Amino acid sequence: MIANTLTVLLILTGLGFFAAGTAGLLRFPDVYSRLHALTKADNVGLGLVILGLMFQAGGLADVLKLLLIWALVLAAGTTAAHMVAQRTWTHGDFESDR
Amino acid sequence: MTLPGEAWLTSGVAGLIALSLLLAVLATVWPRQAHRIGIAGALAVNAWVLVLGAVFLNAGPEPMAAATRVALGSWEAPLGLMLHLDGLAMTLLALTAVVALATSLYSLGYVHDRIERRQFWPLWLWLWAGLNMLFVSGDAFNLYITLEVVSLTAVALVAFTGTAAAVSGAMRYLLVNLLGSLSFLMGVVLLFGEHGVLDLVLLEARAQVGPTERMAAVLMTAGLMLKAALFPVHVWLAPAHGSAPAPVSAVLSGLVVTGSFYLILRLWMGVFAPLATPAFGVLIGLLGVAALVWGSAQALRAGRLKSIVAYSTVAQFGYLLIAFPLMLVEPTAWRVVVFFAVVHALAKAAVFLAAGTLQHAAGHDRLVDLGDILRGRLRTVFALGLAGVSLMGLPFTGGFVAKYLLLEAGLGTVLAGSAIGVLWVIAIAGGGLLAAAYVLRMVAPAFHQGRIRRGEAVSAWMDWVPLGLALVAAAAGLSGTLVLYTLSLTPGAP
Amino acid sequence: MNLLLVVFDLALLAGLIGVAWRCLASTDLFRAVVLFITFGLLLALAWVRLEAPDIALAEAAIGAGITGALLLVTLERLRVIIAGRRSDRPDTVPPDPSGPGAALQALHDPPPEPRTRLPALTFALVVGSLLVTTLWHQPDAAGLEPVVDAHMDASGVDHPITAVLLNFRAYDTFLELAIVLVALLGAWSLGRHDRIPARPAPGPILPGTLRLLVPVAVVTGVYVLWAGSHQPGGAFQAGAILGAAGILLVLSRPRRMPPPPGTLLRLGLGAGVGLFLASGVYGLLAGHGFLGYPPGWDYPLIILIEVAATLSIALTLVALFIAGRPEGDDRP
Amino acid sequence: MSGLVETLAPGLLYPTGGAILFALGLYGLIRRHHLVLRILALNIMGSGVFMVLLGIAARGEGPPDPVAQALTLTGIVVAVSATAFALALVVRLARLTGNAIILPGPPDDDAPVDDISRLEHHAHTEAPEHIEPTARSGERR
């Protein structure tokens with residue numbers, strides 16, 4: 001019961017972060033601020049969702065798998081954000097109003 | 001009851017597929033020897049098909065209560081996949097073997113560049129294997145897969161010359177093929193949703209007249225018509241077939257198009273048989289007449305030798321469509337239609353190969369400038385003319401027998417009281433005249449006065465193979481009885 | 001609860017259709033491709049909802065991942081080609097940007113002419129509504145699930161989809177492998193490969209991440225392959241994951257990699273079909289039917305074929321990404 | 001309410017969605033000219049077919065039909081192969097003509113044709129294109 005409540009609470013909080021990140025992605029004016037909104041919100045959002053799911057996991061293996069997923073997404077997201085930012089730095093901003 | 005013949009047949013069919021796949025895989029892994037593998041394989045497959053055909057005919061009508069069905073991996077339908085051999089499939093396997101052997105020998109001379117050869121042969125052997133698999137497939141989804149093997153290899157071979165015209169033709173061909181495949185696949189999915197099986201025999205047993213069958217019939221037929229370039233959707237054919245290398249054009253016009261037609265016939269004689277109504281037949285027949293007229297008109301005004309031949313394919317396939325209303329009135333007429341398709345495939349392949357030789361000698365295939373080469377290369381012109389004569393259906397050729405039988409069937413429908421039958425008779429007879437006109441256009445310059453030139457040297461293969469195949473096409477008239485008997489060994493068909 | 005699921009289904013379908021529409025209506029090709037990748041990921045979600053985790057895995061790895069990479073590299077190639085032509089031969093650019101040559105404006109497709117809208121719309125609507133009507137008329141349950149279930153004991157594996165793919169309908173799967181190979185042969189016949197028009201971002205981050213990700217991808221691929229015999233996973237998904245790792249390596253080019261020897265490459269590409277066919281021919285000769293397994297040997301043979309197929313698929317996908325044939329292939 | 005929920009089971013909803021995607025792809029295929037868009041349209045049509053198939057597999061009670069799922073997996077792999085080959089062909093066409101569309105109008109069937117039986121190493125000998133990483137800034141808008 002407690003586990004279920006915790007799961008729901010954590011995932012709802014995570015979803016809040018996702019929503020905020022998406023709003024930032026859509027509303028912020030330039031690439032850097034958008035990346036800022038996206039990565040921060042997504043990393044924490046996904047972390048909270050994963051944390052919530054851990055309370056539903058069947059065993060240690062599942063918990064570890066969930067953690068691995070989070071770590072991999074962190075690494076991939078960081079790299080992608082870095083590359084987008086770097087490209088913007090060297091080649092100029094993407095046209096923002098399309 | 002199990003005759004020894006039947007055990008031979010089941011292993012023979014599976015063995016044929018295994019052999020053709022083995023050749024393709026070997027050529028893929030070992031491209032430097034691909035042409036040797038291909039030629040040895042072409043001979044082996046022909047020998048195999050010959051033995052298989054002998055066993056098939058020898059097994060005779062008795063085990064023909066049902067078609068020979070081979071369970072792959074010993075899993076019977078509906079769980080597993082079944083191969084399916086009957087008189088129709090056997091005939092087309094034999095046709096494929098003959099045309100493929102001729103094409104392979106011709107390609108020895110035609111594709112002589114070392115690097116080209118390594119690219120050409122694996123693709124060609126996969127195409128051939130795909131055709132063999134198509135003709136014996138007994139499962140709706142497996143048909144989709146084999147169609148894709150055939151399409152992708154055919155498109156790659158069309159693009160093979162690497163020129164803008166060829167690549168553009170190939171691109172168009174690919175889009176049409178993919179659309180046709182998806183349409184076909186959607187039909188298969190609908191049938192699966194309704195009946196829960198994919199095996200064609202089981203589907204046939206469960207088929208009735210309902211919305212699923214109607215929609216599936218429309219989707220699958222439309223998809224195959226796109227691939228076969230049957231009339232309303234023929235536009236892609238000429239650019240693709242006309243700009244491909246000659247052996248590829250021969251295989252496309254002779255075998256690939258026939259393969260799609262074979263499937264339409266199979267489906268309408270099987271799963272969709274309850275849907276065939278006279279009105280439907282008339283509609284298809286009218287499309288056929290339109291194809292005949294349009295294709296012939298284009299062939300009469302095209303400026304390039306290979307374009308003429310490509311457009312004539314559209315016209316000749318009009319004949320096959322005209323056959324549909326005849327089949328509804330006279331059920332056994334389908335055998336004549338298949339016989340016609342066989343003769344057409346042989347003759348058309350011979351014409352394309354001959355055209356390829358002339359093009360090679362001249363360096364181009366513009367008809368107006370081709371007179372000197374035509375006069376200088378009478379052997380090839382003879383092959384062109386002989387195969388052309390078979391196409392137009394002069395007496396004592398395969399084409400004559402086929403068209404005579406078609407006319408007979410058409411007259412039968414007239415006698416049966418169908419007024420529109422008159423149109424079919426006129427179209428069949430008139431189509432022969434139109435064919436005569438465009439065949440004459442191709443060979444006529446050979447009889448004019450003028451300069452004589454042999455042009456670029458050609459290898460012996462390119463010189464003799466078209467003639468050999470043209471002779472086979474002409475002689476097919478003598479084998480009419482054999483082919484029609486083989487076709488009569490198709491259980492479930494009239 | 002059911003109502004929630006229906007709402008979820010409707011929202012997902014609306015999203016899929018909306019994204020597909022935006023993709024096909026886009027005049028900017030880059031945007032269309034990004035939307036298509038999004039579409040693939042949403043599809044994977046739909047497959048999970050339809051209790052098809054195998055397909056979801058394949059869709060995410062192949063449909064969205066590999067196809068997306070292929071599309072993006074194609075756009076980049078087109079851009080380079082068209083830009084190169086423009087600077088070489090300025091006269092090839094048609095003066096009228098709204099004319100049929102407007103596709104020369106690199107990755108831009110002008111909006112379609114309005115006069116085709118009505119016939120195309122009518123045609124698509126007719127096809128769509130006929131399909132929907134047909135589907136609504138179909139019976140509720142007709143399928144082969146009971147048949148497959150009854151034969152699972154004899155299949156050699158525990159996962160029904162793997163049993164169907166590698167045993168019951170092995171012929172289809174063999175041809176599927178063949179099609180991947182044939183597509184590559186086709187692409188190779190078009191010419192030699194050129195340099196991949198992509199530049200690794202400078203700096204240590206990308207190579208560092210790759211050093212981390214590629215081994216993980218390899219382990220994941222092997223895990224997915226091994227898992228396939230008893231739970232979702234299998235050769236195609238594993239091959240796609242390994243192929244994706246290979247594509248990452250090719251893209252980042254950490255060092256100049258020597259091209260693989262031609263014969264070895266061909267052998268690797270043909271290993272899947274070759275081993276599958278060899279096993280099939282043995283089955284035919286030993287009397288178990290073409291592509292049949294000797295009793296008791298089904299599990300090891302399936303695993304062996306899957307390993308070879310995974311390797312071949314991964315290699316082929318990387319080669320398809322590079323597109324042209326390697327120079328070594330043309331050596332005498 | 002429960003009647004509506006019963007009606008809108010995934011076995012009906014998803015095939016309907018698949019049919020819509022199929023029609024949508026068909027519309028895009030007819031309307032758009034750029035070959036990459038046409039290939040995308042064909043892929044969306046294919047996804048529509050797979051959605052119908054998987055929706056059918058999910059009909060009724062009990063576990064979904066593994067055969068339908070296996071067929072879909074095969075279909076996806078076939079689709080990616082065809083797409084890869086089609087894209088290679090598009091690049092080739094663009095290199096030859098400078099266009100990634102098939103120009104409308106009747107096929108130019110009287111155009112001269114090269115004959116591979118006469119040419120050595122045609123079309124495979126052009127130099128790989130050279131890309132200057134620096135000359136590209138500002139290319140992308």
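Residues are numbered from 1 along each chain as its sequence is written, while chains are lettered from A and ligands numbered from 1 in the order in which they are written. As the model is predicted, local features need pLDDT of at least 70 and side-chain atom pairs count only at pLDDT 80 or more, though totals for chains, interfaces and linings use all residues.

Colleague: Which chains have the most contacts among the five pairs that touch?

Modeller: Two residues are in contact if their C-beta atoms, placed from the backbone, lie within 7 Å. Here 90 residues of chain C are in contact with 80 residues of chain D. Among the five touching pairs, the one with the most contacts is chains C and D.

Colleague: Which helix of chain C gives the largest share of the side that touches chain D?

Modeller: Helices are DSSP runs of H or I, at least four residues, numbered from the N terminus. Several supply at least two residues each, including helix 1 (2-25) and helix 7 (170-189) of chain C. The largest share, 21 residues, comes from helix 3 of chain C.

Colleague: How far apart are the closest C-alpha atoms of chain A and chain B?

Modeller: No contact joins chain A and chain B. Their closest C-alpha atoms lie apart by 30 Å.

Colleague: What percentage of chain B counts as buried?

Modeller: A residue is buried if 20 or more other C-beta atoms, placed from the backbone, lie within 10 Å of its own. Chain B has 494 residues, and the buried share is 69%.

Colleague: How many helices are there in chain B?

Modeller: Chain B also has two strands, which are DSSP runs of E, at least two residues. Its helices number 19.

Technical notes. A residue is buried if 20 or more other C-beta atoms lie within 10 Å of its own, exposed if 12 or fewer, and partly exposed in between; C-beta atoms are placed from the backbone.
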